[in-house]
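Thanks for coming. I will take the metal sites, then a surface patch, then some backbone details and the other chains.

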Amino acid sequence: MKTFLTRGAEALLALCLAAMVLCVFGNVVLRYGFDSGINATEELSRLLFVWMVFLGATAAYPVGQHMAFTSLVGTLRDRPRAFAAATLVIRLLVLMACVLLGWGAWQQVVVGLDSHSVVLGYPVALLPLPALLCSVAIGLMALVEIAQRTPLDLGHAVDME
Amino acid sequence: MTTEALAFVVFIAGMLVLMGIGMNMAFALLLTGAAMAWVMDFWDTQLLAQNMVAGVDSFPLLAVPFFILAGELMNSGGISKRIIDMAQAWVGHVRGGLGYVAIGAAVLLSAMSGSALADAAAMSAILLPMMRKHGYPVASSAGLIAAGSVIGPIIPPSMAFVIYGVTTNTSISALFISGIVPGLVMGVALVVAWRVVLRRMTLTSAPPVPMAERLRLTGRAVWALIMPVIIIGGMKSGIFTPTEAAVVAAFYALVIALFVHREMRLPDLYDALVRAASTTAVVMFLCAGAAVASYMITLADLPSTLTGWLGPLVDHPRVLMVVMMLVLVAIGTALDLTPTILIFAPVMLPIAVKAGIDPVYFGLMFVLNGAIGLVTPPVGTVLNVVAGVGRLPMHQVIKGVNPFLITYLIVLGLFIVFPQIVTAPVAWMR
Amino acid sequence: QDIKPRIIRFGYGLNEISNQGRATKLFAEEVEKASGGKMKVRAIGAAALGSDLQMQQALIGGAQEMMVGSTATLVGITKEMAIWDTPFLFDNAKEADVVLDGPVGQRVMDKLQEKGLVGLVYWENGFRNLTNNKRAVTKLEDMDGIKLRVMQNNVFIDSFKTLGANAVPLPFSELFTALETKTVDGQENPYNTILSSKFYEVQKYLTVTNHVYSPWIVLVSKKYWDGLSKAEQKVLLDAAKKSRDFERQDTRAEADKALADLKAKGMQINQLSPAETNRMREKLATVNAGIATNVGEDLWKETQAAVVRARAGK
Ligand code: NA
Ligand code: NA
């Protein structure tokens with residue numbers, strides 16, 4: 001199940017980036033080769049970019065790839081109680097961030113249903129939507145981590161010593 | 001306490017506490033922004049969501065994934081390897097030659113790739129085993145490679161300049177051009193430092209490579225060497241925007257890798273796309289979080305408050321510059337280049353501008369300083385990469401990088417005392 | 001009187017020392033005065049609250065109270081707003097004032113209410129003029145192939161495409177960088193904006209085209225407006241009207257000065273001849289037909305009639 005989700009996310013990420021490359025490169029080719037351009041490319045590549053970022057950020061959460069300063073909390077490793085407490089605090093804060101972000105994004109999605117982008121005419125709701133999905137997904141993952149008491153991933157900075 | 005002062009306290013406290021306990025920085029920035037909004041009576045969750053999205057909904061930022069992709073393709077398509085082979089053929093035989101190879105390769109690679117990490121990965125994978133084999137002290141070798149890759153974000157193209165330019169509204173092209181000479185100066189400084197470090201080494205020299213072989217290896221690298229000409233030349237003459245230059249670089253690397261070197265196959269391309277997209281997402285998610293904090297920083301008018309506190313310093317730009325650079329060195333020990341730019345550039349640049357410091361010069365100094373932070377302990381991502389790829393303990397890399405770190409700090413000081421080294425070429429080239 | 005203490009966050013895109021900033025300041029003062037100091041306007045300029053589009057969404061969602069911005073970016077929300085984008089609609093500012101402040105202007109403004117916005121008054125951005133880095137535009141054919149930044153709005157895109165330019169929609173906040181990095185060759189804005197945004201630093205040629213009259217519109221979040229008492233609404237509306245009268249006068253004086261300044265700053269300025277203006281107007285017939293279909297034939301005819309009446313001076 002997890003590998004299936006991971007693979008799907010990876011395929012979507014690659015697709016987003018490939019499409020962005022084609023959009024922007026295609027525009028360069030059109031400008032110099034054919035003296036024209038597609039107005040939609042900029043709008044489309046930006047939309048794809050926003051989706052790619054929030055999708056990739058979601059996929060990066062369970063594997064602990066997000067940038068974090070773990071040196072201090074790493075010093076608590078030998079004191080299991082304190083380490084567990086710090087881990088819990090971090091996850092509760094992540095959960096709180098997700099709730100705030102998700103609630104705000106939800107309201108903006110509702111607002112954006114009725115407005116349309118200029119060139120492609122897509123509903124403006126498509127911009128805050130990935131933020132909403134991302135916050136829901138990361139929020140759920142944080143909840144699972146809290147329930148299962150998954151140990152905190154300290155990243156490679158500490159392993160290396 | 002005024003609202004502005006309170007917002008400043010919340011900003012600093014939020015950063016220290018939330019990041020200090022090891023929280024994901026993007027969310028730490030989001031929560032800090034939220035807390036500032038609360039004390040400024042500007043609370044609305046919609047603003048958090050809106051600004052996170054707006055933080056990445058920007059065309060110039062598209063250069064970031066494109067440059068990362070170009071770097072990935074260069075490494076998997078054998079472009080980086082050919083550059084290193086060429087450098088080795090020319091200077092590999094002199095005493096300590098592989099060190100000069102590392103420096104030369106660092107300068108050449110930095111003119112093609114946008115990030116220090118890609119350069120560090122390529123060089124430690126290829127050069128470090130070679131240096132080991134020829135009896136070079138492993139700590140110094142690793143340290144030199146780490147230091148060399150710091151040139152990556154200084155010589156264009158540069159992801160760091162893109163992010164700095166978008167964050168502070170500074171011309172990305174001007175920043176790119178401002179990096180050329182300082183990047184070369186850094187290379188020369190490393191050569192000098194390496195000569196000093198060399199004295200205490202006993203080394204066996206490799207036999208010189210015959211001229212015919214040198215020329216053959218140079219010929220093999222010629223496609224790679226054309227890349228910086230396309231990027232910098234294309235941008236300088238206004239053919240491409242920085243974003244377009246990035247996509248052209250990626251496309252060029254792809255064509256070379258697939259059809260000229262034929263060292264890459266389509267599955268490799270898929271992997272490169274996934275890796276580039278994932279790396280970008282992590283960096284840009286941080287941009288998104290930082291956008292919330294910087295929105296609140298702007299609303300709280302923190303730079304003005306700080307300028308007020310700094311008082312007479314503002315009348316002495318040189319002294320102010322020294323103070324700000326020292327602060328940045330301190331920040332750089334613990335923070336990576338990107339978060340340093342995202343969090344502190346919007347606060348510091350307005351102060352610098354108020355003191356009459358040229359924004360492009362300041363941008364270069366800021367990014368240079370932040371890039372040096374990539375090789376300062378305790379948190380230095382380039383150190384991690386070199387240690388990881390080279391399978392070395394971290395403390396050895398740290399020990400090895402020290403002389404070069406000191407060299408860089410001297411270079412930084414040089415640019416403070418003689419800003420003309422940076423500003424004159426920019427004025428001449430624009 | 002039924003007035004409560006309130007803080008109103010009012011966002012705008014230009015900086016404090018622009019005509020937008022001055023009029024906003026006057027609006028803030030008038031609100032404070034009329035409400036006996038109870039209602040305070042917190043004016044935040046320089047797009048610190050985001051682009052026009054971002055602020056609009058914030059107003060609709062109730063996250064921000066007020067803003068002033070371009071009518072053109074509202075077209076994605078209310079299609080009737082596209083009527084003000086009609087190229088060469090007004091010959092002079094006088095005609096614009098009469099039509100915008102009359103029943104047609106009100107009718108278009110009222111359409112916003114369905115979408116969660118309340119329009120108060122129109123300010124003047126001004127007649128828009130063309131700058132670029134490629135060549136001095138003296139005739140229709142000179143537009144050919146110029147990569148021109150336009151507002152994110154289909155009428156603008158279509159108009160300039162019809163005239164032969166390569167129209168690129170971009171948000172205003174990214175415009176300076178785009179001009180500097182040569183992402184685009186040119187842009188079109190009123191003199192005041194060209195001067196205050198320092199476009200003269202990165203643009204060489206200025207052509208006086210007066211191709212479209214651009215209004216700004218002062219907006220209130222409907223969620224917020226509906227929570228105000230009648231007295232509070234009146235305070236805002238009266239202050240808005242005062243700010244409008246001040247803003248137009250101020251803007252016109254500034255435009256005259258700005259043109260002279262731009263010349264002094266070294267821009268090459270040329271005038272489009274009336275004959276060329278007419279050629280362009282004729283070329284745009286299809287665009288006008290498109291606008292009429294989009295905004296509704298009724299509104300189109302009503303507007304044209306209002307313009308004719310204004311032109312006749314009645
Ligand atoms: Na570089
Ligand atoms: Na560091």
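Predicted model: local features only at pLDDT ≥ 70, side-chain atom pairs only at ≥ 80, totals over all residues.

Are Ser113(B) and Gly152(B) buried or exposed? Ser113(B) has a relative accessible area of 2%, and because buried means under 20%, Ser113(B) is buried. Gly152(B) is at 0% relative accessibility and also counts as buried.

One more point on this site.

Which atoms are the protein donors of the sodium ion (ligand 2)? They are Gly332(B) (O), Thr333(B) (O), Gly373(B) (O), Thr376(B) (O), Thr376(B) (OG1) and Val379(B) (O), at 2.2 to 2.9 Å from the ion. Along the sequence, the donor residues follow the spacing G-T-x39-G-x2-T-x2-V.

What is the geometry of the site of the sodium ion (ligand 2)? The site is irregular, with angles of 71 to 167 degrees among its six donor atoms. For reference, ideal angles for six octahedral donors are 90 or 180 degrees.

On accessibility, Gly332(B) is buried, at a relative accessible area of 2%. Thr333(B) has a relative accessible area of 26% and is partly exposed.

There is a cis peptide bond to mention here as well. Pro377(B) and Pro378(B) are joined by a cis peptide bond, with omega about 0 degrees. Pro378(B) is in the loop between α18 (359–372) and α19 (381–390) of chain B.

Val222(B), Trp223(B), Ile226(B), Val229(B), Val255(B), Phe259(B) and Val260(B) make a nonpolar surface patch of about 610 Å². Where do these residues come from? At least two patch residues each are supplied by α12 (222–236) and α13 (242–260) of chain B. The largest share is that of α12(B), with four residues.

Phe259(B), one of the patch residues, lies in helix α13 of chain B. Is Phe259(B) buried or exposed? Its relative accessibility is 57%, and Phe259(B) counts as exposed.

Next, chain C. Its mean pLDDT is 92, and 98% of its residues reach 70 or more. I have two backbone details from this chain. Ala46(C) is not a glycine, yet has a positive phi of about 55 degrees. Ala46(C) sits in the loop between β2 (39–44) and α2 (52–61) of chain C. Lys198(C), also not a glycine, has a positive phi of about 60 degrees. Lys198(C) is placed in the loop between α7 (191–196) and β8 (205–221) of chain C. At 42% relative accessibility, Lys198(C) counts as partly exposed.

That leaves chain A. How many helices and strands does the secondary structure of chain A come to? Chain A has six helices and zero strands, and along the sequence the pattern reads α-α-α-α-α-α. Chain A has 161 residues, of which 50% count as buried.

One of the buried residues is Glu145(A), at 15% relative accessibility. Glu145(A) lies in helix α5 (residues 128–148) of chain A. Between Glu145(A) and Leu88(A) there are 57 residues of separation in sequence and 9.1 Å in space, C-alpha to C-alpha.

Last, the scores for the complex: the predictor gives an ipTM of 0.87 and a pTM of 0.89.

Note on methods:
Residues numbered from 1 in each chain as written. Chains lettered and ligands numbered in written order. Heavy atoms only, no water. Donors = N, O, S within 2.8 Å, 3.2 Å for Na, K, Ca; no water. Tetrahedral: all angles 85-135°; square planar, octahedral: opposite > 155°, others 65-115°. Buried < 20%, exposed > 50% of the residue type's maximum accessible area, 1.4 Å probe, protein only. Patch = residues over 30% accessible without salt bridge, like charges linked within 9 Å, V, L, I, M, F, W, Y side chains within 5 Å. Areas by Shrake-Rupley, 256 points an atom, 1.4 Å probe, with all protein chains shown as cover. Salt bridge = Lys/Arg side-chain N within 4 Å of Asp/Glu carboxyl O. pLDDT = per-residue confidence, 0-100.
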